[in-house]
Amino acid sequence: MKTMKAVVFKRKDHVAVEEVPKPTPRAGEAVIRITTTTICGTDVHIVRGEYPVKPGLVLGHEPVGVIEELGAGLDDTYAVGQRVIVGAITPCGQCFYCLNGAHSQCGGALGGWRFGNTINGAWAEYLLVPDARANLAPIPPELTDEEVMLCPDIFSTGLSGAESGNIKVGDSVAVFAQVRSGCAPRSGRS
Ligand SMILES: [Zn+2]
Ligand SMILES: [Zn+2]
């Protein structure tokens, strides 16, 4: 079995770099070789034990990388070696919620956030992407990986909030912020 290095949640206040199985894609899935990623405020809550995840889970939900392997049914759209980001939210794209535009609620309330929450995340050498057709976004050649690193969640969460609030360019708005909340899932995004 091939293995890879990953940051694993062990218990409250304890993560560890461990050797874990390298994922293999099934039909409709992709494996991404992570080139860069970052830490979200939500990860801090997880490590502090304020948001429960299972011990043994690989954390991280800000994936930037290169397609390493494609499962069946994807090579008409994507290619091995292609640079991509993957959203922190990985909706199926086909359920009632997705088809009504509520991707963060895929499959049920707050069900869209999976990486580093209910499935292994991006703090690893490789990442298995479910429903790849709904979740891979090619990186334009003129942008570096570092320049798009905040797009999978931190930037897109704010943009999504502005869209949900129907805020338009030029509007005046008041922002009510919580000091420690990061982008906690209560907002509907991770
Ligand atoms: Zn869905
Ligand atoms: Zn996040």
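## Geometry of the zinc site

The arrangement around the zinc ion (ligand 1) is tetrahedral because its four donor atoms subtend angles of 102 to 115°, the term being applied to four donors if all angles lie between 85 and 135 degrees. For comparison, the ideal angle at a metal with four tetrahedral donors is 109.5 degrees. The donors are the SG atoms of Cys92, Cys95, Cys98 and Cys106, at 2.3 to 2.4 Å; a donor is here an N, O or S atom within 2.8 Å of the metal (3.2 Å for Na, K and Ca), and sites may look incomplete, since water is not among the atoms. In sequence these donor residues follow the spacing C-x2-C-x2-C-x7-C.

This is a predicted model, in which local features need pLDDT of at least 70 and side-chain atom pairs count only at pLDDT 80 or more, whereas totals for chains, interfaces and linings use all residues. Residues are numbered from 1 along each chain as its sequence is written, chains are lettered from A and ligands numbered from 1 in the order in which they are written, and side-chain values use heavy atoms, with hydrogens and water left out.

The model has seven salt bridges, each defined as a side-chain nitrogen of Lys or Arg within 4 Å of a carboxyl oxygen of Asp or Glu. One of them joins glutamate 68 to lysine 22, with the closest N and O atoms 3.3 Å apart. Because glutamate 68 lies in strand β4 (residues 64–70) and lysine 22 in the loop between β2 (14–21) and β3 (30–36), this pair ties together parts that are 46 residues apart in sequence. The helices (H or I, at least four residues) and strands (E, at least two) named here are DSSP runs, numbered from the N terminus. Glutamate 68 is partly exposed, with a relative accessible area of 27%, whereas lysine 22 is buried at 18%.

Another salt bridge is formed by aspartate 76 and arginine 133, whose closest N and O atoms are 3.2 Å apart. This pair links distant parts of the chain, with aspartate 76 in the loop between β4 and β5 (83–86) and arginine 133 in helix α3 (residues 132–135), 57 residues apart. Aspartate 76 is exposed, with a relative accessible area of 60%, while arginine 133 counts as partly exposed at 44%.

Arginine 83 and aspartate 145 also form a salt bridge, the closest N and O atoms being 2.6 Å apart. Here too distant parts of the chain are linked, for arginine 83 belongs to strand β5 and aspartate 145 to the loop between β7 (136–138) and α4 (154–164), 62 residues apart. Arginine 83 is partly exposed, with a relative accessible area of 26%, and aspartate 145 counts as buried at 12%.

Within α4, Ser156, Thr157 and Ser160 are buried. Seen down the helix axis, the buried residues of α4 fall within an arc of 105°, so they line one face of the helix; the arc is that of the directions from the axis to the C-beta atoms. In general, residues three or four places apart in an α-helix point the same way, because such a helix has 3.6 residues a turn.

Leu150, Ile154, Phe155 and Leu159 make a nonpolar surface patch of about 350 Å². Patches are made of residues with over 30% relative accessible area and no salt bridge, like charges being joined within 9 Å and nonpolar side chains (Val, Leu, Ile, Met, Phe, Trp, Tyr) within 5 Å, and the areas come from the Shrake-Rupley method with a 1.4 Å probe, only the protein chains shown counting as cover for residues. Leucine 150 lies in the loop between β7 and α4 and is partly exposed, with a relative accessible area of 42%.

## Backbone features

Most residues other than glycine have a negative phi.

Glycine 65, in strand β4, is buried, with a relative accessible area of 0%. Its C-alpha atom is 8.4 Å from that of valine 86, a residue 21 residues apart from glycine 65 in sequence.

Key. Four donors count as tetrahedral if all angles lie between 85 and 135 degrees; four count as square planar and six as octahedral if opposite donors are over 155 degrees apart and all others between 65 and 115; anything else is irregular. Buried means under 20% relative accessible area, exposed over 50%, partly exposed in between (1.4 Å probe, protein chains only).
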